[in-house]
Amino acid sequence: MLPMAAQTHFHLTGYPVLFVLLIGGIALPFLLMTIAQIVQFKNPTATKYTTYESGMPTFGDAHIQFDVKFYLYALLFILFDIETAFLFPWAVSYEDLGLRGLVIMYLFVDILLLGVIYAWRKGALRWQ
Amino acid sequence: MNPYNLPNWFVWLHAQLGFNVADPGVQVLLVLAWGVTLFTLIAVVAKAAVVFMVLMERKVLAWVTQRKGPNRVGPFGLLQTLADGVKLLFKEDVMTPQQDKFLFTLAPAIFIFPVFVLFAFVPFTDFLFGVALPVGALLVFALSSISVIGMVLAGWASNNKYSLLGGMRSAAQAISYEIPLVLAVLAVVLFAGSMNLLDIVEAQRGPLGPLSWYWFYITPLAFIVFLISSIAEVNRIPFDLPEAESELVSGYNTEYSGMKFAMFFLAEYAALFVMCALTVVFFFGGYNSLLAGVALPWGGTMEATLISTPMIPMDGEMMPLGVWLQQTLHVPNLSWLLDQLEKISWMVLKIYTFIFFAMWLRGTLPRLKPDQLMGFSWKFLIPLSLINLFAVGVQRFWAYPNNSLDTLFNSITTHIPFLIVWAVIVFGGVGVFCMLMSRQLNAKTRKRFAAPSA
Amino acid sequence: MTTASPAPELSLRDKPGFSDLQGVTVEHGLNTQDMVVNIGPQHPSTHGVLRLVTTINGEIVKDMEPVIGYLHRSKEKMAEGRSYFQYQPTIDRVEYLSSFYDHYVYVTAIEALADLKVPKRVEYIRMICMELNRITSHLLWFGTFLLDLGATSPFFYAFREREAIFKLFEDITGARMMYNYFRFGGVNADAPPGWLDDVRKVINELPFRFDEYEAIANKNPIVMDRCIGVGVTSYQDLLDYGVTGPSMRACGVAQDMRKTNPYSCYNEVEFDVPTATEGDVYARYKVRMAEMRESIRIVHQLLDNMPGGDSAELRKLEKEHAKVAEEIAAAKKRVTVAKKNEEAPNAADVAKMAEKAPELPFDYRTTGQKVNLMVFKPPAGEAFSMVESPRGMLGCYLVSDGTPKAYRVKWRGASFSNLTILPSMMIGNLYPDLMAIFGSLDIILPEVDR
């Protein structure tokens with residue numbers, strides 16, 4: 001029967017196998033696309049190879065300098081994403097840090113919260 | 001944690017076959033072999049899950065809108081999705097000369113690849129899982145956010161205006177909803193004391209059954225925030241702005257056809273499955289039984305009942321299932337097998353419950369606007385999840401320090417002041433934010449009534 | 001801002017409800033380009049074949065130009081090439097969602113020209129058909145409007161109820177959508193026996209369904225967020241663009257042809273004109289939902305006061321009349337046939353009997369005067385008829401030169417005028433608002449292009 005005493009085999013549940021999986025994940029879509037390329041029916045017509053433009057001949061180019069209205073959000077996002085990356089180790093070792101860890105992290109999050117409120121008041125969270 | 005699992009079993013199998021599993025060279029080969037096996041397994045399971053989900057979605061939506069749904073291909077339309085898949089495989093993969101060929105091909109690949117890897121993280125039982133890393137919770141979200149790059153790339157490479165808008169919207173959505181999602185999980189990690197998904201599931205095993213799962217055990221706020229954000233992360237209605245068909249035709253995948261479109265389609269449903277699985281893992285006790293801690297009417301646990309109750313006719317008399325299994329199938333460790341079966345049943349049941357919830361939402365709600373979408377996240381969910389983090393910190397520190405509700409209930413009198421503080425913080429926070437939101441709404445309404453009229 | 005074209009001067013920009021966002025990109029110093037997005041003619045939410053050439057910057061609409069004519073079938077010219085009756089079946093295609101109204105304006109214009117008297121029963125049947133048609137049209141609008149907002153289920157619910165009403169139409173006209181039922185001076189056929197009860201059954205059920213719809217949509221925060229304060233118009237704008245119908249009533253103007261200029265028998269029924277004062281998408285939604293309930297109210301009154309009642313009773317009455325008429329005819333025959341051996345009835349008595357003979361009252365009939373439809377020649381002249389269609393004022397201008405073919409037919413569809421206001425409502429709003437605003441105007445393209 002199964003080896004009851006064995007610990008989780010690190011190589012087989014850890015990064016090495018994750019690496020193999022990632023390679024598989026990249027390979028699979030290309031495999032699928034290759035299969036599709038081989039088996040698919042090709043029936044080319046001139047109009048089929050035009051970009052969809054709601055039934056009109058295509059005009060203009062979509063590769064333009066597009067006005068992304070949310071770049072201020074994007075800046076805030078980077079801030080918060082780094083914050084959460086900081087918070088995860090804190091959360092894991094919370095029991096060891098005790099009250100001191102709690103208070104310090106509160107101060108840290110408080111400052112960030114104030115930052116959000118500041119951005120909000122300044123109108124950065126308006127969709128413009 | 002359970003000392004044995006599927007990877008270990010794989011090693012054990014090879015040791016039985018005569019390999020020297022301690023040899024580094026053999027180990028490299030083992031990793032490769034196991035990786036390929038696991039990936040094949042995942043690809044099959046994921047596709048089977050998606051095939052079922054697509055049919056389920058069509059059936060559920062048909063039910064919601066009082067139609068019949070697919071019922072022609074196979075019994076109950078079971079083969080409908082398969083037929084659709086075969087059709088998509090044979091469809092021509094149209095690529096126009098205006099498109100960026102390299103990125104156009106790369107986009108669906110980027111979109112789909114993290115989803116399959118994510119399947120390996122989901123602990124279906126404590127035996128059946130692929131990857132168990134100490135940074136699991138963080139890695140899961142790191143991987144899932146890669147998909148967005150695929151969407152943005154698809155939008156850009158298509159050289160189509162609707163696709164571009166869809167791609168941009170997907171970026172906006174991703175940057176808005178990832179933070180509340182991760183902050184909600186932070187509360188879970190804080191309680192479980194580990195980022196390993198298996199540990200998180202095990203930590204939710206408690207005397208109160210479903211009540212010791214984190215949706216209730218820590219503030220329900222975290223669960224609500226996570227649920228909303230997860231629906232947004234997988235671009236489901238009401239958050240399906242990247243492919244809003246009423247304005248963007250089909251959004252970022254407008255130009256895609258054939259297999260490439262099928263890959264977007266597949267990955268979307270697989271991502272929904274993974275997201276629902278993660279919801280279950282983080283907040284609904286993973287594979288833990290819903291009936292744990294609930295006394296069955298006939299006494300004893302479900303497992304003990306199955307082992308000892310005579311229910312199978314054999315040799316002219318009723319035998320317990322356990323005896324029957326041992327005698328006919330020669331399953332040696334019956335208790336373990338039943339346990340595994342029960343766990344995987346609960347896991348799948350819970351996952352599909354959440355999938356059903358997402359489908360139900362699709363049948364019910366309209367779509368948001370991009371400004372509302374981002375406003376909802378930044379002005380409501382993120383502050384709420386930060387407040388929740390404060391509350392959870394206090395709760396973890398004082399309310400039940402030893403990660404057990406028993407402590408809480410045994411010494412409830414000593415913790416009353418802290419519970420009050422905690423309640424004030426949580427519910428006060430919710431109250432303040434609801435007030436803020438309603439004030440906003442009121443301002444809007446006031447503006448509305450001040451609008452010019454005849 | 002490098003390539004931005006100067007914004008068109010529009011009165012709406014200065015009004016509340018419109019955010020002027022032209023200066024934003026300059027403010028932040030980013031070089032961005034406008035993008036011309038072509039919405040239609042083949043697009044999921046243009047409700048037909050409309051083309052909206054929209055210039056957007058980011059998600060904000062900067063300019064918009066509707067391009068129409070994709071569905072032009074020269075409906076007006078067609079009238080000049082065929083007889084009045086031959087033209088009638090094609091009218092259904094002018095506006096296929098509420099074609100009873102088109103038929104009504106057409107036949108009433110001819111009735112005015114030829115001075116045909118119309119029995120009351122005919123008017124009542126026509127009114128029932130039109131009000132039910134208003135409900136079907138609004139139901140379709142409800143479904144597609146919420147579909148434009150992203151909710152799929154209400155579409156199916158609305159179609160379910162619409163189908164129940166179509167069944168009624170099929171019973172009375174023989175067709176679900178292309179009715180061709182009204183005739184000059186009457187209707188094609190009387191309602192089948194029991195039809196009135198069928199109608200009553202259906203419209204008794206409808207209010208509960210409407211309650212369900214409103215439970216789905218009215219208080220839904222997403223619907224409210226997307227509709228309240230979006231696409232606000234003012235009374236002056238409506239006047240300038242000639243917008244009519246629910247869009248106008250949502251601005252606080254109780255302008256309804258049925259009330260202000262009662263045609264048919266609308267002065268005999270009691271109903272309210274639902275209005276709202278806000279003039280936004282949500283107000284238009286509310287007005288239309290309320291209008292459906294008012295239509296039900298009207299239909300109930302019409303069913304109760306139908307001249308002649310159910311056609312089964314009417315047929316019985318007719319049979320009695322026929323029996324009497326038979327007796328009279330037999331008596332008359334006896335007057336002429338009676339020979340020497342038989343005492344002839346008094347001819348004067350028979351004449352008196354025939355005078356007193358009961359005849360179906362005029363108001364109970366389904367055709368006023370016998371008209372030869374194929375070679376119908378109204379006297380030379382012109383007539384204009386107008387009704388309150390589900391989309392607003394619908395008119396038909398008809399010129400006759402005394403020949404069997406019309407000299408000129410001109411349709412005044414509400415959709416065309418309602419469409420013209422769309423660009424001015426859109427500029428400065430978000431791209432997704434386009435769908436909400438466009439949906440709320442309830443435009444149907446065949447009526448625009450004709």
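N204 of chain C counts as exposed, because it has 11 C-beta neighbours inside 10 Å and a residue is classed as exposed at 12 or fewer. This briefing describes a predicted model.

- N204(C) belongs to helix α7 of chain C, which covers residues 195-217.
- In the sequence, N204(C) and H300(C) are separated by 96 residues. In space, their C-alpha atoms are 8.9 Å apart.

**The three-stranded sheet of chain C**

- An open sheet in chain C is built from three strands, arranged in the order β1-β2-β3 with antiparallel pairing.
- The edges of this sheet are formed by β1 and by β3 (60-67) of chain C, each of which pairs on one side only.
- On average, and with direction ignored, neighbouring strands of the sheet are turned by 20 degrees against each other.
- Strand β1 of chain C (residues 35-39) is largely enclosed by the rest of the structure, because four of its five residues are buried.
- Five bridges connect β1(C) with strand β2 of chain C (residues 51-57), and the two strands pair in the antiparallel sense. Within this pairing, T55(C) of β2(C) is the residue opposite V36(C).
- The antiparallel pairing of β2(C) with β3(C) comprises seven bridges. Here T54(C) faces M64(C), a residue of β3(C).
- As a general principle, side chains in a regular strand alternate between the two faces of the sheet.

- Strand β7 (residues 392-400) and strand β8 (residues 406-412) of chain C run antiparallel and are joined by six bridges.
- C396(C) has W411(C), in β8(C), as its bridge partner.
- Five residues lie between the two strands of this hairpin. In the hairpin, G402(C) adopts a positive phi near 90 degrees.

**Chain A**

- Which secondary structure elements does chain A contain? Chain A has four helices and zero strands.
- Along the sequence, these elements of chain A give the pattern α-α-α-α.
- Chain A has 128 residues, of which 25% are buried.

Technical notes. Residues are numbered from 1 along each chain as its sequence is written. Chains are lettered from A and ligands numbered from 1 in the order in which they are written. This is a predicted model: local features need pLDDT of at least 70, side-chain atom pairs count only at pLDDT 80 or more; totals for chains, interfaces and linings use all residues. Two strands pair if DSSP finds at least two bridges between them. A residue is buried if 20 or more other C-beta atoms lie within 10 Å of its own, exposed if 12 or fewer, and partly exposed in between; C-beta atoms are placed from the backbone. Axes are lines fitted to C-alpha atoms, for helices over the stretch in contact, and angles run from 0 to 180 degrees between N-to-C directions.
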